[in-house]
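Visitor: I am new here. Could you show me the structure and take my questions one at a time?

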Amino acid sequence: MDSLEKLGMEVRKHYPELDGYRIDFNYRFLRNAAAIYHYTKYVIDPLQVKISYDIKNRSRKSKRGIIAHELAHIYLDLKNMRRPGGLSAEVARYNRSKSYRIKSEIEADTVAVVRGFGPDLLEFVKTRDEDAIDSHGGLTVEEIRLLMKNLGYLI
Ligand SMILES: [Zn+2]
């Protein structure tokens, strides 16, 4: 089985905007989430992607899907950052506002699909739905399929 670090390296190749950032990938016990990422308040390097132990025995594809989703969050947060410390402002907003959270999750899923991880994300979302892990509201299986179709992927 591939290590999480190896999968992370594989997936981040599709996010060249993150080149130069150190990103650590680790399993953690997480409540109510499949994955999260962290950074310190003023220094964004290294970033930490934490994947729930619940996901550890999932397929390679499924794990690539959740990693692609987390990296999409990081990519979007960096893109939206307008000043140093802006990342923590993003997190505060995320925690405060449900509509912002839903929008962020949909955006992250969309980026992951556009970057070529549609099949991986699809697999992740299917198994997540079966296990009823809290999704925080991202794209549904049908929406991922539709987006892939619209982007011209053969599914
Ligand atoms: Zn997310």
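Visitor: Which strands does α2 lie across, and at what angle does it run to β2?

Guide: First, a caution: this is a predicted model, where local features need pLDDT of at least 70, side-chain atom pairs count only at pLDDT 80 or more, and totals for chains, interfaces and linings use all residues. Residues are numbered from 1 along each chain as its sequence is written. Helices (H or I, at least four residues) and strands (E, at least two) are DSSP runs, numbered from the N terminus. α2 lies across β2 and β3, and its angle to β2 is about 35°.

Visitor: In what order do the three strands form the open sheet?

Guide: Strands pair if DSSP finds at least two bridges between them. β1 (residues 23-28) and β3 run parallel, joined by six bridges. β2 (residues 35-38) and β3 run antiparallel, with four bridges. The pairing is mixed, and the order is β1-β3-β2.

Visitor: Which are the edge strands?

Guide: Look for strands that pair on one side only. The edge strands are β1 and β2.

Visitor: Which residue in β3 is the bridge partner of His 38?

Guide: Phe 25 stands opposite Val 49 in β3. Arg 28 has Ser 52 of β3 as its bridge partner. For His 38, the partner is Gln 48.

Visitor: Which residues make up the covered face of β3?

Guide: β3 spans residues 47-52. Its uncovered face has Gln 48, Lys 50 and Ser 52. The covered face has Leu 47, Val 49 and Ile 51.

Visitor: Are α1 and α2 parallel, perpendicular or oblique to each other?

Guide: Axes are lines fitted to C-alpha atoms, for helices over the stretch in contact, and angles run from 0 to 180 degrees between N-to-C directions. The axes of α1 (residues 4-12) and α2 (residues 60-80) come within 9 Å and cross at roughly 60°. Angles under 35 degrees count as roughly parallel, over 145 as roughly antiparallel, 65 to 115 as roughly perpendicular and the rest as oblique. So α1 and α2 are oblique.

Visitor: Is Ser 99 buried or exposed?

Guide: Ser 99 lies in helix α4 (residues 98-131). A residue is buried if 20 or more other C-beta atoms, placed from the backbone, lie within 10 Å of its own, exposed if 12 or fewer, and partly exposed in between. Ser 99 has 8 within 10 Å, so Ser 99 is exposed.

Visitor: How many Å apart in space are Ser 99 and Gly 137?

Guide: In sequence, Ser 99 and Gly 137 are 38 residues apart. In space, C-alpha to C-alpha, the distance is 9.7 Å.

Key
Two residues are in contact if their C-beta atoms, placed from the backbone, lie within 7 Å.
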